[in-house]
Structure formats: structure tokens, C-alpha cells
Amino acid sequence: MPGAMLTRIGAVFAAACLLSGPLSAETTKGATMTRIQIVIDDTVLPATLDDSTAGRDFADMLPLDLTLSDYHSTEKIADLPRKLDTSGAPASYKPETGDITLYAPWGNLAIFYKPFQSSRGLVRLGEIDGPLDALLKDGSYPARIELAE
């Protein structure tokens with residue numbers, strides 16, 4: 001009898017898990033995050049924006065045609081047409097390779113192709129989902145950031 005009770009409890013638990021859907025972080029992320037793409041020449045860099053106030057506000061600005069410039073041999077930066085809403089964002093952030101961020105004090109976009117130290121005023125917007133080769137070009141160049149289809 002105790003074995004039958006455990007089997008029944010296990011079946012109820014399994015059914016509850018199936019009805020609630022997968023519990024992986026990736027599935028949770030995918031359901032709430034916005035897919036974008038950064039187009040440089042003929043190269044498309046797929047990316048994902050975070051489900052945050054700043055990430056959603058940035059998505060509302062798209063599409064954007066920007067000029068990316070190198071900064072500190074670590075990131076590509078571009079001026080944005082307006083400030084983003086950063087309410088609820090941490091005071092600082094430590095960017096990793098591929099992070100799409102906002103440097104709030106200057107109001108500019110910063111896409112990191114190398115990791116960097118934690119910086120006050122840096123707000124993560126999302127990340128590039130693949131190779132960054134197109135960002136490694138020298139000089140300034142045009143880029144289009146748009147919602148992915």
C-alpha cells in the first residue's frame with residue numbers, strides 16, 4: 001500500500017509538471033525576451049534584449065540606424081536619439097563579451113567585444129547570441145539595429 005501511494009503521488013507530481021510547462025531558465029527567458037538583429041554590411045548578428053525597463057525601452061526605439069565607433073579597444077559605441085528609462089536598473093554592471101549595454105551618464109549604446117570591469121552607470125540591455133566578428137572592424141561604420149522577424 002505505501003508503494004502504491006508513492007506511485008500515485010509521483011504521477012500527480014509528473015502531471016503537475018507537464019501542465020505547468022518546462023521549467024528551464026532558457027524557456028523562461030525565451031518567453032519574455034525580445035529578439036533583435038544588428039546588421040553590419042551583409043552580416044546579421046542575432047541578439048536578445050533583456051526583459052527589463054531599459055531593454056523594453058530600447059526595443060521601442062527600433063529600428064535604429066547608428067554609426068558604431070571603437071572605444072577603449074573594448075567596445076563599440078553609438079549615440080542614441082534619446083535617453084532610455086533605466087528605472088530599477090542596478091547602479092553598476094560588469095560587462096562580458098557580447099553584452100549590449102547603455103552607458104547612462106552619456107546616454108550612449110555600448111556593445112562589448114571584450115569583457116570589462118564593473119562600471120557605475122552601465123546598464124545591461126541584452127546580449128549578442130553568436131560570433132562578434134563583424135564588430136571587430138577598424139574605424140567607424142554604419143549599423144542597423146532592428147527587431148528580428
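In the predicted model, helix 3, which spans residues 53–61, lies across strand 1, strand 2 (43–49), strand 3, strand 7, strand 9 (122–128) and strand 10 (141–147). Relative to strand 9, helix 3 runs at about 65°. The strands themselves are arranged as a closed barrel of eight, in the order 1-2-9-6-7-4-3-10, with antiparallel pairing. From one strand to the next, the twist averages 35°. Thr 101 has Ala 110, in strand 7, as its bridge partner.

Strand 1 covers residues 34–40 and includes Gln 37. The side chain of Gln 37 is joined to that of Glu 146 by a polar contact of 2.5 Å. When residues up to four places away in sequence are not counted, Gln 37 touches Val 44, Leu 45 and Pro 46, together with Arg 144, Ile 145, Glu 146, Leu 147 and Ala 148.

Aromatic side chains were examined next. A pair of aromatic rings is described by the distance of the centres and the angle of the planes. Three aromatic pairs are found in a search of the whole structure. One of these is formed by Tyr 71 and Trp 106, whose rings are 5.8 Å apart, centre to centre, with 85° between the planes, an edge-to-face arrangement. This pair links distant parts of the chain, as Tyr 71 belongs to strand 3 (residues 64–71) and Trp 106 to the loop between strand 6 (99–103) and strand 7 (108–112), 35 residues apart. Tyr 71 counts as partly exposed because its relative accessibility is 35%, whereas Trp 106, at 53%, counts as exposed. Ring pairs also bring in Tyr 103, so that Tyr 71, Tyr 103 and Trp 106 are linked into a cluster. Elsewhere, Lys 137 lies over the face of Tyr 141, at 4.5 Å from the ring centre.

A further site concerns Ser 87, which is located in the loop between strand 4 (75–79) and strand 5 (92–93). With a relative accessible area of 44%, Ser 87 is partly exposed, since that category lies between the limits of 20% and 50%. The side chains of Ser 87 and Asp 85 are joined by a polar contact of 2.8 Å. Ser 87 and Ser 52 are separated by 35 residues in sequence, and their C-alpha atoms are 9.2 Å apart in space.

How values were computed
Residues are numbered from 1 along each chain as its sequence is written. This is a predicted model: local features need pLDDT of at least 70, side-chain atom pairs count only at pLDDT 80 or more; totals for chains, interfaces and linings use all residues. Side-chain values use heavy atoms; hydrogens and water are left out. Rings of Phe, Tyr and Trp (its six-membered ring) pair if their centres lie within 6.5 Å; planes under 30 degrees apart count as stacked, over 60 as edge-to-face and the rest as tilted. Helices (H or I, at least four residues) and strands (E, at least two) are DSSP runs, numbered from the N terminus. Buried means under 20% relative accessible area, exposed over 50%, partly exposed in between (1.4 Å probe, protein chains only). A charge sits over a ring if NZ of Lys or CZ of Arg is within 6 Å of the ring centre and within 35 degrees of the ring normal. A polar contact is a pair of N or O atoms within 3.5 Å; within protein, one must be able to donate a hydrogen and the other to accept it, and residues adjacent in sequence count only if both atoms are side-chain atoms. Contact means heavy atoms within 4.5 Å. Two strands pair if DSSP finds at least two bridges between them. Axes are lines fitted to C-alpha atoms, for helices over the stretch in contact, and angles run from 0 to 180 degrees between N-to-C directions.
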